[in-house]
Amino acid sequence: MNKDIKRIAVLTSGGDAPGMNAAVRAIVRNAFNNDLHIYGIMRGYQGMIEGTIKRLETSDVSNIIHRGGTVLKTARSKEFMTPEGRKKAYENLIYNDIDAVIAIGGNGTFTGAMHFIEEYPDIPIVGIPGTIDNDLYGTDFTIGFDTAVNTAVQAVDKIRDTADSHNRLFFVEVMGRHSGYIALHTAIAGGAGGVLIPEEETNLDDLVKLLKRGAKRAKLFSIVVVAEGNHMGTVYDIAKKVEDKVDFYDDIKVTVIGHLQRGGSPSYFDRVLASILGFGAVEALMNHKTGIMVGIKNNNVHFTPFKDAITKSKPLNKELLRMAHILAQ
Ligand code: F6P
């Protein structure tokens, strides 16, 4: 597909992630620098289906680099998963003379983009990894991960104060249905006494043993960081299961950090990452790329086919996990 790209549309889709706005800003600014017209599609693929597409000027992206959420709004569109939905979306792109699309999001976003390109190869799409989960193959970091971990670590620091004061055990749930990245990094940076993640089976005995080891050296409080998708159940189930086995604490409490992790002003790291990837995505389209995610590897922009980004798993750093377990003792 080698037609010249003149009009690019950008959308954000799936769970929002801090830094998405910085990516949109970089896309708009680099598009203008290359005399391209740029359009924003509101509410992700749902907006593509409904035709909520508007022209963006450079002034539209002033004063957004520091803002969390996404000025383009987002959605998890069920209709786009159907051929009928994608047909409507295609017709709207044609109606608006859109030549190419940049989709910012995660696994679901790139799955949708892949199906769309298979059916409508005349509209190239490149993706930018925007999800707090950091779970996409082909990029060392996804936009939003750094900010989310910083938020979770701040929460753990605060919980530590009260856990210490009351001699309590806290289970702190962080996001990550399929991925333990947020949990592992939060546990290391927050000095947690344990971490439970989807990538590793932990049983009740192991967990109790770990907590007892701490108690033996007069550790009277503890914080265990739990990823949503861990193997032992919800944080509430886990707290119930250990209840009568850890009588050396005064009490057990549960904190779910939840969507706090998705909001807030992006960290410096996420702003720079988002700027690099947004800038790179425009260049990728100008170089006639399609069907790829623009990520970062060893500090260099790196292209990965959507198929690999969504089907290959990005393994956790086993050494980091081993270290986390040792430091938790
Ligand atoms: O994929 C990002 C993520 O924040 C996950 O960590 C979490 O499990 C999920 O989205 C929550 O999604 P929603 O906001 O749609 O409930």
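Over the ring of which residue does the charged end of Lys 314 sit? The ring is that of Tyr 181, and the charged end of Lys 314 is 5.1 Å from its centre. The model is predicted.

**Aromatic pairs**
- Eleven aromatic pairs turn up in a search of the whole structure.
- One of these pairs is Phe 145 with Tyr 181, which is edge-to-face because the ring planes stand at 90° and the ring centres are 6.1 Å apart; the cut-off for calling a pair edge-to-face is over 60 degrees.
- Phe 145 counts as buried, because its relative accessibility is 4% and the limit is under 20%.
- Tyr 181 also counts as buried, at 9% relative accessibility.
- Ring pairs also link a cluster made up of Tyr 45, Phe 80, Tyr 90, Phe 116 and Tyr 120.

**Charges over rings**
- Tyr 181 takes part in the edge-to-face pair with Phe 145 and also has the charged end of Lys 314 over its ring.
- The ring of Tyr 137 has the charged end of Lys 297 over it, 5.8 Å from the ring centre.

**Ligand site**
- Residues surrounding the ligand include Arg 76, Arg 177 and Arg 262, together with Asp 133, Glu 228 and His 259.
- Thr 131, Ile 132, Met 175 and Gly 176 are also among the residues around the ligand.
- In the side chain of Glu 228, an N or O atom is 2.7 Å from an oxygen atom of the ligand.
- For Arg 76, the distance from a side-chain N or O atom to an oxygen atom of the ligand is 2.9 Å.
- Gly 176 contributes through its backbone, where an N or O atom lies 3.3 Å from a ligand oxygen atom.
- The protein buries 78% of the 400 Å² that the ligand exposes when taken alone.

**Helix α11**
- Helix α11 spans residues 318-328, and its buried residues are Leu 321, Ala 324 and Ala 328.
- These three lie on the same side of α11, because they cover an arc of only 55° around the axis.
- In general, an α-helix has 3.6 residues a turn, so residues three or four places apart point the same way.
- Lys 318 and Leu 327 are exposed on the other side of α11.

Definitions and conventions:
Residues are numbered from 1 along each chain as its sequence is written. This is a predicted model: local features need pLDDT of at least 70, side-chain atom pairs count only at pLDDT 80 or more; totals for chains, interfaces and linings use all residues. Side-chain values use heavy atoms; hydrogens and water are left out. Rings of Phe, Tyr and Trp (its six-membered ring) pair if their centres lie within 6.5 Å; planes under 30 degrees apart count as stacked, over 60 as edge-to-face and the rest as tilted. Buried means under 20% relative accessible area, exposed over 50%, partly exposed in between (1.4 Å probe, protein chains only). A charge sits over a ring if NZ of Lys or CZ of Arg is within 6 Å of the ring centre and within 35 degrees of the ring normal. A residue is near a molecule or strand if one of its heavy atoms lies within 4 Å of it. A polar contact is a pair of N or O atoms within 3.5 Å; within protein, one must be able to donate a hydrogen and the other to accept it, and residues adjacent in sequence count only if both atoms are side-chain atoms. Accessible areas come from the Shrake-Rupley method with a 1.4 Å probe; for residues, only the protein chains shown count as cover. Helices (H or I, at least four residues) and strands (E, at least two) are DSSP runs, numbered from the N terminus. The arc is that of the directions from the helix axis to the C-beta atoms.
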